[in-house]
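Take this two-chain model one piece at a time.

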Amino acid sequence: MTQLESYWRRVSPFATTALTAAALLLLVRPARAQTGTVEGRISAATTGSPVIGAQVSVSGTNLGTRTGDDGRFILLNLPAGTHQLRITAIGYKAALLRVTVEPGATVTADAELTPSVLQLDEIVVTGTPGQARLRELGNTIESIDLSAEVKDPPASMDQLLQARATGMTVMQGTGSAGAGAQIRLRGAVSVSQSNQPIIYVDGIRVRSEGYARNAPAPGADFTGRSSNIQMSPLNDLNPADIERIEIIKGSAASTLYGTEAAAGVIQIFTRKGSRGAPRWNVQMDQGFARLPPFGTDWNPYLNFKPGDSVVLGPDNQLRTAVPAQSAGYCPELIAGWREEFRRTGTFPTPKPCDWLRQGHRQKLVGSVTGGFDAFRYFVSGSWEDYDGVLPQDNERRVVTRGNFSFDVSDDLRLDWNTAYSNYNVRNTPTGNNAQGLTLNVYRAERNYRSSSNPVVLDSLLNQSITTEVDRLITGGSVYYTPLPQFSNRFTVGLDLANQENRNLRPFGFVAQPLGVLFDEQNKYMTLTADYVGNLDFRIAGDLASTFSFGGQSITRERISTFAFGRDFPGPGNPTVSNGATFLAREQRIRDVTAGVFFQNVFKLRDRYFLTLGARFDGNSAFGQDFGIQGYPKASVSYVVSEEPWWPSAWGEVKLRAALGWAGRAPGAFDAVKTWNPAVSGGQSAFLPGNVGNPKLGPERTREIEVGFDGAFLNNRVSAEFTWYQQQTTDALFSVRQIPSVGFPASQLANVGTMRNSGIEAAINGTLFERQNWGLELGMTFYTNHSLVLDLGGAPPFAAGFGWMEEGFPIMAAKGVRIRNPDAIAAPDTACAGSCASDGQYIFGPQQPTFVWGTTATLRLPKGVTLSARGEYQGGAWIYDAAAANALQRSVRWPTCRRAHLILEGGGTQDQLTARERLECIPAQLNDDVLWFPQDFFKLRDVTLTVPVGAFVSQARGATLSLTAQNWVRWINSDLRMFDPEMTDRDSLDDQNRQISEHIPPAAVFTASLRVTF
Amino acid sequence: MATIRSFRHVAAAAALLAACDTTVTNPGPVPDDDLNNPLAYNAIVTGARLQLARAYGSDAAFGGQIAYWSAVLAFEINPAGSTGSFGIPTLVQAGTITAQLSSGDWTAANLARFVAEDALRRFAANAARDPLLAPTPRQISEVAVWAGYANRLLGETFCGAVLPVTDPDGSLSPGDSTAHTDYFLRAEQHFTSALQTAGTVTPDSVRIRIVNSARAGRASVRLDLASWGVGGTAMWDSAAADAALVPNTFVFRLPFSDQDQNQYNYIYWARAATPYRAHTQWGTFHEGYYRTTRDARVAWDSTALLGDAAVAKFGGRVPFWPERKHNARNSPINLSSGWEMRLIEAERALVGGDPATAVNLMNQRRTNLALPTYDNTVSADSAWSLLKFERAVELWLEARRLGDLRRWIVNGVPGSYPDGLYRASIADTLHTTPLENMTTPVARSLCFPIGQNERDTNPNF
């Protein structure tokens, strides 16, 4: 039985039920009454231009469609009678149209939409049981509309999300191929569980935690023998398939998602088909990735491009920025060049020790959308081939998608969405890997090969690190609206990913002469079953209510098998079993979360809204003495600008407040006292595993947020402000056990209390707007301040590269602060001010406390636009572990160049700065001083879009976009090297970040041609 | 009516979801109760052995570096590079180990003791509950032996002891900080218990191995106790009496495995050049001694390589001359041997003022190795020096040296010891007398402090 069959057997009860129900309902429906057609054109009231992608829905039914590029729509087979059409579009106020359909006739229904930056009637679904208008929500929700976005072709979902939403930080990991980004919503709410938000795609829960790093399993070999990157499942999606993204950032909004949702929710909606003739889109991208300098001024690429340190002086003599006597950086190479220059008078080419390249990138995307009568479709495919900047880095990905909608009847609709992706990544060995390229190049002649000779270091590339992920996300929703006031949605979905990590150092590899092969197979499965019912009724007069209820079950499973072999008999391409020694491991983890919820929204005069709700969850990881967990919520919304007394000149304003709880479950085994089977010399053994805690439950995060949304100055400026405070109680801390009493190390317990608070503000405005010219500016502002309130009696402890102590930020940066770093004097490291209980200095948090984003779009004549997005992050601290590791080994680190020259020239430490004395004299090294501010600004993208439809025959339209991503950057100079967007090994799931022996993320330049037929 | 019908469907669906059973049993880790099955007992016993190996030194999550780092402190090896992974922390290189640094070793060693003693408690409780659940004498005696050696490791390594208190309900509570000799007393009890139980073990070959291992272990901890003044002359006598019953040829080894990195011999793995070359014999007294005598007990290999990183103390990278005693991933570490027993008898003789007998006992081993024998007419002080030397080479890299040096130095035992640094820097020649020893120019750590993690978590501290 195949894997797919196996999973199908599990999901089939749900799917079969849904499909059977749909089929039966189809059969039992009465014969369709006589019908007619409604068609029309939706345009902007201000300019008359067509509104593309407007949603036209028939109230009280599941019928609806979207407008095309010309703003036109058509609704076929509408039952005869009078209907109300509801028309919504991003950027416009909703409109209602009343139409009367005659049998066999076509009715024209045109509408003009009034622009609205506040969009109180935009429909959202995330955080609500069914659909809700923005005006009803007491919490803030970020909605990113990509339905009409053709100017900005992001290469990955990570890049798509960067600087898109207030309160969301998307931090890139490394510059290696496949490295995923870490996403945080309003900082970190947990110190022991993942802070990655949970992700839904078309209502189906999908994996959000990173894929397993391609590295030997513990016990097989040192786990650092790897590229040390973590791939993100989010990047299996094709950005071009995305229509809309909704983001809710904390418990106040995510209560109904229950036990897993404390870190927020990202819900992604892919494109749907619309009725009409097939419409084809083709997108072709060509570009390259390039690494900006990340070293010191005189060694800008940390030995990766030593040629940059070599210049020809005015006297036509070869000069190097590296004095010969310091000889720390590719000395053999420089000596060789000098010799060759003397002999030939020209620079040698190519530079043999240049390990960085301009990585060529290309992508091809195609899609077709259309539909007829009761069936609509969107089918797409993409292929991409990206070379990284490192010599072995490459990503190849194929993504296909088919989204289908069936209007089974007026009150029954079935959506079925399926995506398959195949992702192949080849990596260069990087990170904290003693057999890797980056570590050994950085450390030059004091590396593990004892040489900076490129020939020697090139031998490290004789290894193969490849990762392949096959992923299937499939699922469907049945929408059943038996009565206009009663709607139901039932969703089932399966997210299935198979990952193979293969890591080969072949026979003859310089550091493992007999060879090593590690192969890991991972299967990840997430199964969603979800039901929601909504019942609208009028209580009295202007007071209406929507009662929602439902249940959800999420089953997640990971099956991992590891095989490891070493000591091969000879050259060749081995399998694991070719090794003289081989071993295998297996791991299976399954967890289930199931819960029910209800919610009621009270609506008074369509401007006062009160929402009350709760979710009740069980989880397989809870301790046996722990029961069902309840999460309540309440929110209010008040559209004050719709009060009769509100002067229209004041614009539109909505006030809102929300309070809610959500949780994070412990790991599958955390509650149980266990022993781990092991083998010793061929004999079975038991070793202590987990201490166990029968009272273990989820940590609970309560969030309160208050704010307003407003549109002012005749809708030219919109503003949004939110104050939030999250308090995590029963926080899961790894409480250290008493070693002399027995079981090892630590046990999770619900003991702590932590708090996050801050504000979010956004302002967007149209600076000027003419027929051919326009300038729109936007700015966002976000703060986050965390605090440990209570450790539950536990002593302060280290967590996530950080320090947990009451009164300080969550997972704080703790080390030694040099109070006189630049003084030529003895170091003054006495702690003053922010001191931890152990006497060390608390620098601050490791998550940004201040994020500022800005966007600008300049419209030029002939449809040309120039847009830019920038982001500043500040207030956080990062540890430079790459420097620490090197300095501990007396490596001649570039930041110590001045000190080395002084000391090697016969000087003494009295001539060194305080910092140099602690960093550059091995016997005095104190690596606790290597904390640095990680403030930075990056221009996330600059895009020039030019319509070129006139040059493409038979095309409805075409655009050419030129994009530069992350090329312009400013980094706090106190961080003397590298980039704050670097990380250690498990970039997505790590609680915090630290600089490891990686390269920073590269800048990407792309030319994209997009044509619609 | 339609509404009611729909509600019924919806309620049914909601009930279905609400009734979802979230109970999941994942394979892999084994619940504690499952270990009460007698078929699991052999694995419990093996677990006690494996955990002890991890405490001596492995790459496991809860593994320790006692054999490795104590060897550095006692000059049995010199640092040759790495300070992080597989390496030697700078402080330890300089001769000091702090409570923070020893936390991992403290955990690992306590875990070794806990696993073995927990097995004994489990066996006793199960046997009392149901005779069908009783373990075999072999299982009891073997796990008691591991409990004894785990306690010996704690006593010979750590500066103090913390032993848990057994509550009336059988659970454990944290104990107070006491003298490290309490571990020796506890070890002696376990070895005695093993000897009592082993009498009925079959076959004979197994019984003899268990008896010898328990008796040799008890001899060694009685020597420790006697050295620290516990039990007076009678303790010396009982140590020698136990030792005398163990034949020369007996060796009791702690196995390691080359199948799993968690079970590799860590002293070897830290210098296996993959790519770590973290320690060397360059500059130790064994460098010159082996060069001169070729005494196989302290063999090392000469390579053209350098250590894997510069060593600040030596001013650069030093020659990589790795020890040869642990030359494979699965090299075992000796826990006891008949030749160690002869040295225990010799030490008893020295304490009794009989250097000639002591030297004769030492010469048995040297004769066995075809090495020149010592003159048995030497003075008592000289005989003590010879004993210290012989224990240095006989028990080399077995996590015993630091305990020996501690008991001799602290208790003012006569005679000199060879341990020290014999080269000052990469440019220095080999000296004939040490440039540094355990007390000069700085006092090096003679024991591992109780881990900071115990100090932070035990309310009795």
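In this predicted model, helices α12(B) and α13(B) are roughly antiparallel to each other, because their axes cross at roughly 170° and angles over 145 degrees count as roughly antiparallel. Helix α12 covers residues 338-351 of chain B, and helix α13 covers residues 355-368. Their axes come within 7 Å. An axis here is a line fitted to C-alpha atoms, for helices over the stretch in contact, and angles run from 0 to 180 degrees between N-to-C directions. Helices are DSSP runs of H or I with at least four residues, strands are runs of E with at least two, and both are numbered from the N terminus.

Which residues of α12(B) meet α13(B)? They are B:W339, B:R342, B:L343, B:E345, B:A346, B:A349 and B:L350. Facing them in α13(B) are B:P355, B:T357, B:A358, B:L361, B:M362, B:Q364 and B:R365. Contact means that the C-beta atoms of two residues, placed from the backbone, lie within 7 Å. The residues of this helix contact divide into 9 nonpolar, 2 polar and 3 charged. Nonpolar covers Ala, Val, Leu, Ile, Met, Phe, Trp, Tyr, Cys and Pro; charged covers Asp, Glu, Lys and Arg; the others, Gly among them, are polar.

Now widen the view to chain B. The chain has 16 helices and 9 strands. Its C-alpha trace spans about 110 × 55 × 40 Å along the principal axes. Of its 461 residues, 54% are buried. Buried means 20 or more other C-beta atoms within 10 Å of a residue's own, exposed means 12 or fewer, and partly exposed lies in between, with C-beta atoms placed from the backbone. Take the contacts between residues at least 6 apart in sequence: 72% of them join residues at least 24 apart.

Chain A supplies the sheets. One is an open sheet of 4 strands in the order β3-β2-β5-β6, with antiparallel pairing. Strands pair if DSSP finds at least two bridges between them. The edges are β3 (64-66) and β6 (95-101), each pairing on one side only. From one strand to the next, the twist averages 20°. Strand β2 (residues 55-58) is joined to β3(A) by 3 bridges. Within that pairing, A:V56 has A:T65 as its bridge partner.

A second open sheet in chain A has 5 strands, ordered β11-β16-β17-β14-β15, with mixed pairing. β11 (142-145) and β15 (204-206) each have a single partner strand, so one side of each is left without a neighbour in the sheet. Here too the twist averages 20° from one strand to the next. β16 (residues 242-248) and β17 (residues 265-270) run antiparallel and share 6 bridges. A:I248 stands opposite A:V265.

How do the chains meet? In chain A, 73 residues are in contact with 67 residues of chain B. Strand β29 (residues 581-604) gives the largest share of the chain A side, 11 residues. That side has 35 nonpolar, 30 polar and 8 charged residues. Strand pairing also crosses between the chains: 2 bridges join β33 (residues 674-680) of chain A to β1 (residues 30-31) of chain B, running antiparallel. A:T674 has B:P31 as its bridge partner.

Next, the backbone. Most residues other than glycine have a negative phi, and most peptide bonds are trans. A:N966 has a positive phi near 60°. It sits in the loop between β49 (957-965) and β50 (969-971) of chain A. B:A399 has a positive phi of about 65°. Its loop runs between α14 (380-394) and α15 of chain B. The bond from B:T274 to B:P275 is cis, with omega near 5°.

Finally, confidence. pLDDT is the predictor's confidence in each residue, from 0 to 100. Chain B has a mean of 92, and chain A averages 85. Values fall below 50 over residues 307-333 of chain A. Where pLDDT is low, the predicted coordinates should not be read in detail. The complex has an ipTM of 0.91 and a pTM of 0.85 from the predictor.

Residues are numbered from 1 along each chain as its sequence is written, while chains are lettered from A and ligands numbered from 1 in the order in which they are written. In this predicted model, local features need pLDDT of at least 70 and side-chain atom pairs count only at pLDDT 80 or more, while totals for chains, interfaces and linings use all residues.

Key:
Angles under 35 degrees count as roughly parallel, over 145 as roughly antiparallel, 65 to 115 as roughly perpendicular and the rest as oblique.
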